[in-house]
Structure formats: structure tokens, C-alpha cells
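Please read the following account alongside the sequence and the coordinates.

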Amino acid sequence: MSLNLKPNIESPDDFYQLLTDAQRDLSDEDANDMNARLVLILANQIGSLNDLQEAIEIAK
Amino acid sequence: MLNTYDFPEFPYVQSEDQISGQTVRHPVVIVGGGPVGLTAALDLAAQGIKVVVLDDNNTVSVGSRAVCYAKRPLEIWDRLGVGERMIEKGVDWKLGRVFLRDKEVYTFDLLPEDGHKIPAFINLQQYYLEEYMVEACDRNPLIDIRWKHKVLSLRQYDNYAEIAVETPDGIFTLEAGWLLACDGANSDTRRMVGAEFAGQFFQDRFLIADIVMKADFPAERWFWFDPDFHRGQSALLHKQSDDVWRLDFQLGWDADPEVEKRPENIIPRVRAMIGEDVEFELEWASVYQFACRRVDQFRHGRVLFAGDAAHQVSPFGARGANTGVQDIDNLSWKLAAVLRGEAPIALLDTYHAERAYAADDNLLNSTRSTDFITPKNGASKRFRKAVLDLANKTEFARPLVNSGRLSTPTPYLDSALNTADGGAWKGRMTPGTCASDAPIVVGGKDGWLLDQFTGGFVLLALGVEAEPVDAGAFTPKVVTLGSSFDDPKGLVSERYDAEEGALYLIRPDQHISARWRRFDADAVKSAISKATAGAI
Ligand SMILES: Cc1cc2nc3c(=O)[nH]c(=O)nc-3n(C[C@H](O)[C@H](O)[C@H](O)COP(=O)(O)OP(=O)(O)OC[C@H]3O[C@@H](n4cnc5c(N)ncnc54)[C@H](O)[C@@H]3O)c2cc1C
């Protein structure tokens, strides 16, 4: 497994707040749309098909 | 309907075989005079093989069918002497626009690489394509096309197939040493041999309309997701020859094909797409449902499947005829060698191996496009929306937009006919790949590299001394840089990674079979042996 599953996010609490704040006023529909866009943006940052496949497996 | 094109009516002639009442055995009988059967006739005849073509109809393809032809099939048709006319009549295009609702998301340019004889794509109605090929067949004394000959039944024996054929004069029997089943997606032959044809049916319907209009839309491919004029579905606009335009409307699974086909229902849809005041005439319209399937084995005894009879794909990506013609490119030199007793029948099994592999690649591409265009559930709909929203703003999401991946040849990378590389190579010309074209100079005149690769195996020597190699019927023609041709632009050298010298063995279908940095007659011989299933 090459995916980093050790803590790697800078300031976890700040990140979590950013994420939930961004969706605080959104309907489920809009939040889901935003999550889909976010998945794609982050996937592009990762790039490696292998890593993405591992991430999808873990998320399932 | 249909007022830009007069359909030829080919004459029915009762054959000598039927008149005599004697059962005649022909070396090759081709069932079906569509693009694939006609290409097979021309390609086999080009190798000196006599063929009989049987078609149950007496004209060319009627209605809205193939439009878009890719470089590789055009190269094959060019080799067979019919490509130039198609390219001349066809519409050259390279720009595609993708819209979401009424906004342009992005534009793509096919950006074809310079220095190729044949364009990346042309658009041309299928009936022209077939008409040109029928004319070329009629000029060839080795080709005997028999119109209004329908194959009714088939029985296989050890070394031939027997078929019953119905004509306006009744039913008679013919024998075929080899039978090429090019009888289309609903192949009767496939049923007769009991072959399986499994795959996926898409629960969706499409209205395909061809219209005539003199509007100044550019010759570009326009694709809409969820357009304002056709909410919740997709639509396509593409130019053909003679001011005919192909329009494509996704209708959904619940649409009633009979109702949708009525002009009073089509015309408002067309107006909504092209504008209220653009004048047009409806040329042809039909409602289609698509499937992605392939036959279990391309060879069943003496019957060889090719084209839609062997594989059916959705039209997104223009793969049907394009890939069918490449089946023939692969098959005809192998069949000709087997017919002449130069190669074992095992060579024909490599036809299945290579073309089933290509068919699976095409099916995969075509299924992926169909899944993007018609998402199967809420989650994939959501991801598609995300892709399209982002594609407008950012570059990274654009390669994810899939409105059809246009057909390119599938390299036979794992084929048993390839000889593996010995050292390290740069570029695309790995064994199993279709040889690249490049501009050259031959005898003081401008020419093309691919035009040198004809008449069997070729040994292409680039900065390497190559001697003639005796391989019997498969003795390669030696084409040498510096003496056979010159490469003033350096593109041959670049595309074939020849700076340190390179020697390529090229198959009769212009695919790379092996390559070396220096000449070794034994290595060349054993590569030819491998590429012909042990013929030498
Ligand atoms: C809407 C649409 C758009 C398309 N767009 C493209 C595109 O842009 N590019 C592309 O490459 N492909 C495209 N295709 C696919 C393309 O039309 C087919 O792949 C192509 O026609 C297949 O050629 P074929 O010779 O295998 O079969 P066919 O064209 O179906 O020909 C089969 C022939 O066999 C004859 N026949 C059938 N049964 C018998 C019998 N029992 N005895 C004697 N003769 C028989 C038929 O009369 C017919 O002439 C499109 C298809 C559709 C429907």
C-alpha cells in the first residue's frame, strides 16, 4: 500500500471546520454536488491511478 | 426524404452457378456487401485471391448510418485505391465544442500531428463510401458481387462450408473454402453457426436526423449535455458532405420510437437546436437503441466473422465501420497466405486473438462513453455534473469529459506474432503497433513512408546495413533509408527512434512485428516465422 494513512493533514481541526463551514448553509443536494467537485479536485492532486484505486477501496 | 443522393440500383444477374445447377466451390465467399465485406473483397483481390460477394440487397446503405472515418481505415482504403475519393468528397474537421446547457464548456482541437498523408478524420455519408467501393469492385476482374443473393442456411464440413442461397430465381447451393461473415449486427451467419453474441444493451433511445441546410455553422463537432433546447438529455451536431448535417438527440428509455419518428415531432426539436429561422429540410430520421457486444470466437471452423457481425458498439466515438475495416486489414493477408498453402491454419487463429483484443478495447471505450453520456444512477449523474462544471473553469477536468473517444487503432501489444524488444527504445513504434506514416522523398519526388509498405513483409533499414533474407513466400522487401528513399525532414528517424540505427520488420498489414539495432539474418528469419505462426 502506497497510500499515506498516517495523519498528514495540517491542523486537522482547522481543516474539519473549513469543510463543514463550507457546507453549513447548503441543502443536501448542493453539498453532495460540492463533494463531487471536491473529490475530483483532490483526485487530480493525487494523480496516481494506483493511489486513487486504493483510496476508493478504503472508502467503500 | 433523401433528396441530395440518388441511390444506385445494382443489377441482379443470375449466376452461372445457379443456371448450371452444379454445386461450385469457391475459395472465398463473402456474405454481406457493407463497408466491411466490400473492403474484404478489395483487399483479398489486391493479393490475387478470387472472391464472390453475396448481398441480399441491391443498393448501398440506406438511412442515417456511419459518418465519421478515422485515419487508419482511410489509410487502408488508400492502399486499396479508394481512399483518395473518399477524402476528396468528405468533410475534413478537427475542432469539437462541448456545451453544458447553453454555455460552451470547452473546445478541443484534434491537433493532428503534421507529416501524415491521411487526415485524422473525415465525415462522409456511408452510402458514398459504399458506392465508391462497389465501383472499384466492379472494375476488378477477381471480384464477383452478386446482388439479391440471400444466404438462408449453412452447413460446415472439414474443409469447406455449404450454403443455400436465395435469389429472385429460386434457391441454389454454393460451397465456400472459407466464408467471411460480414453480414452486419443481425448476422444470420452468426445464428447459423450457433455463435454467442453477448454484451450489454443500453436502456436508452436516440433520434438520429439528417437534415439539409445551407447555414453557416462551422464544420465542427458540437456536443451538448443537458441543452436548454432539450433538457435532461444530450445532443450532437456534425457536418457531412453535400450540406447534410447529422443531428442526434438522446430521447431516454420511455420514448416511443414510432411517435418520435414523425416529422411533426422531429421538426420542432430541430428548430430548437439550430434556430427558428434557419431553413432546412429533413433528409432522413430514425430512432436507434444501442448495444455493445462481441462474438465469442472470430473463427468458427471455416467461417470467419468481421465487422458488425463480430462486434457491435455504440456510435459514440465512431468505432463501428472504423474497427471493422481494421479486422479485414488483419485477416486478409493471413487468409491469402493460408489459401496459397504458405501458412498453417493456426495463423487464422491469431486473427481471433488480435482482433478480439481490439474489439474488447473498442467495446470498453464505447461503453465508457455511453456511461458518461447516459449516466446510470444519481451518483454518476452527480459526478458528470461536477466534471462539466469544473471543466469550464479548470483545465484538469477536461480530459474527464467523455462525449465519445474517437477511434484510434488498438496496438496488439501482447500478440504471439510479436518478437519482444531486445533493448531500450523511445517513441511509439513498439511491436504490435500500426506503423506510423512520415513524409519522405522517393526518386526525387515527395512521397509517403506508408506507401512503401506494400506487397508483403518489409524490412525497413534506417542507418543499418541490411542484406536480403530468404524466407520463402514471406521474403521481405528491403526498404533502405538513403537508397530506397530519403528523409529530409528527419521525421522517419524521429518516429522510428533511429538515431542509433534501427531495423524494423513490418507485417503485410503495416504493423510492426520486430525491431533491432543491427542486422542479423537469423533473427529476422525467426521473427518472420513467429509472425506467420511458424510458416517458415
Ligand atoms: C446512427 C449510426 C451512426 C454510426 N456512425 C458511425 C461512424 O461515424 N463511424 C463508424 O465507423 N461507424 C459508425 N456506425 C457503424 C457503422 O454503420 C457499421 O459499423 C457498419 O455499417 C458495419 O459494416 P458491416 O459491413 O460490418 O455491416 P453492414 O453495414 O450492416 O452490412 C451488412 C451487409 O450484409 C447484408 N446481409 C445481411 N444478411 C445477409 C444475408 N443473410 N445474406 C446476404 N447478405 C446479407 C446486408 O444487406 C448488408 O449489406 C454508425 C452506425 C449507426 C447506426
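The paragraphs below cover aromatic pairs, charges over rings, the ligand and some loop residues.

This is a predicted model, in which local features need pLDDT of at least 70 and side-chain atom pairs count only at pLDDT 80 or more, while totals for chains, interfaces and linings use all residues. Residues are numbered from 1 along each chain as its sequence is written, chains are lettered from A and ligands numbered from 1 in the order in which they are written, and side-chain values use heavy atoms, with hydrogens and water left out.

Over all chains, the whole structure holds 28 aromatic pairs. Rings of Phe, Tyr and Trp (its six-membered ring) pair if their centres lie within 6.5 Å; planes under 30 degrees apart count as stacked, over 60 as edge-to-face and the rest as tilted. Phe206(B) and Phe290(B) form a tilted pair, because their ring centres are 5.4 Å apart and their planes stand at 40 degrees. This pair links distant parts of the chain, 84 residues apart: Phe206(B) belongs to strand E13 (residues 206-213), and Phe290(B) to the loop between strand E17 (280-288) and strand E18 (291-295) of chain B. Helices (H or I, at least four residues) and strands (E, at least two) are DSSP runs, numbered from the N terminus. Phe206(B) and Phe290(B) are both buried, where buried means under 20% relative accessible area, exposed over 50%, and partly exposed in between (1.4 Å probe, protein chains only).

Trp425(B) and Tyr504(B) make an edge-to-face pair, with 5.7 Å centre to centre and 65 degrees between the planes. Here too distant parts of the chain are linked, 79 residues apart: Trp425(B) is in the loop between helix H11 (378-393) and strand E22 (439-442), and Tyr504(B) in strand E26 (residues 502-506) of chain B. Trp425(B) has a relative accessible area of 15%, so this residue is buried. Tyr504(B) is at 0% and therefore also counts as buried. The ring of Trp425(B) has the charged end of Arg517(B) over it, 3.6 Å from its centre. A charge sits over a ring if NZ of Lys or CZ of Arg is within 6 Å of the ring centre and within 35 degrees of the ring normal. The charged end of Arg205(B) likewise sits over Trp253(B), 4.5 Å from the ring centre.

Next comes the ligand. A polar side-chain atom of Asp55(B) is 2.7 Å from a ligand oxygen atom, and one of Arg65(B) is 3.2 Å from a ligand oxygen atom. From Cys68(B), a backbone N or O atom lies 2.9 Å from a nitrogen atom of the ligand.

Two loop residues remain. Asp226(B) is not a glycine, yet has a positive phi of about 50 degrees; Asp226(B) lies in the loop between strand E14 (221-225) and strand E15 (234-239) of chain B. With a relative accessible area of 16%, Asp226(B) is buried. Ala318(B), another residue other than glycine, has a positive phi near 50 degrees. Its relative accessible area is 16%, so Ala318(B) is buried.

Key. A polar contact is a pair of N or O atoms within 3.5 Å; within protein, one must be able to donate a hydrogen and the other to accept it, and residues adjacent in sequence count only if both atoms are side-chain atoms.
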